Amino acid sequence: MTRSRPTSEIKQTVLTLLGEIAPEADLTTIRPDRSFRDQLDIDSMDFLNFIVAVHNEFHVEVPESDYAQLVSIDGCVGYLERKLSHSQG
Amino acid sequence: MAEFLMPILGSDMTEGKLVEWKKKAGDRVKKGEIIAEVDTEKATIEIESFQTGIIEQLIAKPGDTVPVGAVMAVIREEGKPSGLLPEVQPQVHLEPDRAAKPTRPAAPLTPPAPRMSESARLRISPSARQLAAELGVDPSTVQGTGADGAITRQDIEAAAGPVLPSSAEAAGTAIDRQARIRQTIAAAMARSKREIPHYYLSTTIDLSRAMTWLTEQNLKRPVTDRLLSGVLLIKAVALALREVPELNGFWKGHAAAQSPDIHVGVAVSLRQTGLVAPAIHHTDKHPLGDLMKRFQEVVKRARAGTLRSSEFSDPTITVTSLGEQGVETVFGVIYPPQVALVGFGKIVERPWVVDGQMVARPVITATLSADHRVTDGHRGGLFLSVVDRLLQEPGAL
């Protein structure tokens, strides 16, 4: 279900989804402004699974051309805020 | 009546620890159904039944360490009379608290199957036998690679390789597990470099058609059905093996044995803990969408530590990619007893000449590591050219 979510909730959900993709990762040390793919050794299969998880959780379509916007925590949160506000409006 | 044996799930596996039975005596089991979970040096693996029937006896017990080839259970074909194997001595290393009272099966209903004595069954030189005693290796658990399957000193060394001191084994910590995985990889790779005369070939492949096709496909597909470029590469390798089948199979004893089926093993990084290369069965026969699902599934289970026995034991060739680590050319080490490994590097934009004009194209370097006992560079080169040709027609993969 699409609904407005506070930024903190979006961020926490994104971290939870990442934790499910890379359970061995220490998410407390992650730099939100940098690529988590590099920080967590996330490969393309993991990243696709993450995108699928984002789609299932937030019910947003993420075309391949937008993938580059979702490689950091900050990028994900900003992207999802925009998408969710569009779908609301 | 069939004996369910501890399978060999890697060239250097000598034993496995039974974690649990998924079935109990009297249960029906279908061929391919998960029957047990076994802990090896590399991972916890779900073991599939090799036949349909009824579980007559469970011989090994959870916690037992069972040598490769030892009887773990007995499966009776449905409709056939029950007949417990008499006096089946479990070839297991029992947990300390049960060591004094090994479990024996119930009273026999049929006479025992004739069994050869160990000395008659084993072909092993005195030198190798002495080495086995020194290293604490049970020769009956070692698969010989010498003449007529004779066990050589190298076989004993390889079998001893992954074994760590008992104190480390007992600890069972994550660090120990990581060390054991490393030891297993070390043993397999050392054996490969010791025994296999590798040769290496590489070619650069223009991927512009493949990447354009992939982008168009993924635009049409829902996010859950999208394809990765890796699946195109895997399928191209599988189809190329139909044209150069010598690269698809094993080196057994002193001869090459082609596999009638193509089961590509895909190298999966376990991040901090090493690498496994489980098989995607019948890789050449699946449409790309289906192959992608199988690829996702096998990577997921590899990282969760829930691979199945056939996925460990069946790969007929290995494909590895280090492109995501920025590597452009991979010179891989063949995983014995396979006879070839295909490596892919990073997809990079490079100047490319088309019709006399310099253009930027996405290209990838494909490499072949092959066993010179089985093929020569001519066949290896042909294989890489077929992979290239197939990737120029991605819609036909």
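This is a predicted model: local features need pLDDT of at least 70, side-chain atom pairs count only at pLDDT 80 or more; totals for chains, interfaces and linings use all residues.
B:Asp355 is found between strand S19 (348-354) and strand S20 (357-371) of chain B. Most residues other than glycine have a negative phi. Is B:Asp355 buried or exposed? B:Asp355 has 5 other C-beta atoms within 10 Å, so it counts as exposed, since the cut-off for exposed is 12 or fewer.

A:Asp41 has 16 C-beta neighbours inside 10 Å, so it counts as partly exposed.

Now step back to chain B as a whole. Its secondary structure comes to ten helices and 20 strands. Chain B has 397 residues, and buried residues make up 40% of them. Consider next the contacts in chain B with a separation of 6 or more. Of these, 63% join residues 24 or more positions apart.

The domain assignment divides chain B into domain 1 (2-98), domain 2 (120-191) and domain 3 (197-396). Look at domain 1 and domain 3 of chain B. Their centres, taken over C-alpha atoms, are separated by 33 Å. The contact between them takes 13 residues from domain 1 of chain B and eleven residues from domain 3 of chain B. Which strand gives the most to the domain 1 side? Strand S5 (residues 44-48) of chain B does, with five residues. By class, that side of domain 1 has seven nonpolar, three polar and three charged residues.

Next comes a sheet in chain B. This open sheet has four strands in the order S1-S8-S6-S3, with antiparallel pairing. Why is one side of S1 and of S3 left without a neighbour in the sheet? Strand S1 (2-5) and strand S3 (28-29) of chain B stand at the edges and have a single partner strand each, so one side of each has no neighbour there. Strand S6 (residues 53-58) and strand S8 (residues 71-76) of chain B run antiparallel and are joined by four bridges. Follow one of these strands to a residue: B:Ile54 has B:Arg76 in S8(B) as its bridge partner.

A hairpin shows another antiparallel pair. Strand S10 (residues 249-252) and strand S11 (residues 255-258) of chain B are joined by four bridges. B:Lys252 has B:Ala255 in S11(B) as its bridge partner. Two residues lie between the strands of this hairpin, and B:Gly253 takes a positive phi near 65°.

Turn to the inside. Nonpolar side chains tend to be buried together in soluble globular proteins. The largest nonpolar core here has 110 residues. B:Met72, B:Ile234, B:Val237, B:Val264 and B:Val266 touch the most other members. Helix H7 (residues 229-243) of chain B gives the largest share of this core, nine residues. What is B:Val237 in contact with, leaving aside its neighbours within four places in sequence? The partners are B:Val264, B:Val319, B:Val342 and B:Val387.

The peptide bond from B:Pro336 to B:Pro337 is cis, with omega near 5°. Most peptide bonds are trans. B:Pro337 lies in the loop between strand S17 (317-321) and strand S18 (340-344) of chain B.

The two chains also meet. Their contact takes eleven residues from chain B and twelve residues from chain A. On the chain B side, helix H6 (208-220) and helix H8 (288-304) are the elements that give two or more residues. The residues of that side divide into three nonpolar, five polar and three charged.

Finally, consider confidence. The predictor gives the complex an ipTM of 0.86 and a pTM of 0.72. Chain B has a mean pLDDT of 82, and 79% of its residues reach 70 or more. Residues 86-90 of chain B stay under 50, and the model has eleven contacts for them beyond four places in sequence. Residues 162-171 of chain B also stay under 50 in pLDDT, with 13 such contacts in the model.

Technical notes:
Residues are numbered from 1 along each chain as its sequence is written. Chains are lettered from A and ligands numbered from 1 in the order in which they are written. A nonpolar core is a set of buried Ala, Val, Leu, Ile, Met, Phe, Trp, Tyr and Cys residues joined through C-beta atoms within 7 Å. A residue is buried if 20 or more other C-beta atoms lie within 10 Å of its own, exposed if 12 or fewer, and partly exposed in between; C-beta atoms are placed from the backbone. Two residues are in contact if their C-beta atoms, placed from the backbone, lie within 7 Å. Domain bounds come from an automatic or database domain assignment. Ala, Val, Leu, Ile, Met, Phe, Trp, Tyr, Cys and Pro count as nonpolar, Asp, Glu, Lys and Arg as charged, and the others, Gly among them, as polar. Two strands pair if DSSP finds at least two bridges between them. pLDDT is the predictor's confidence in each residue, from 0 to 100.
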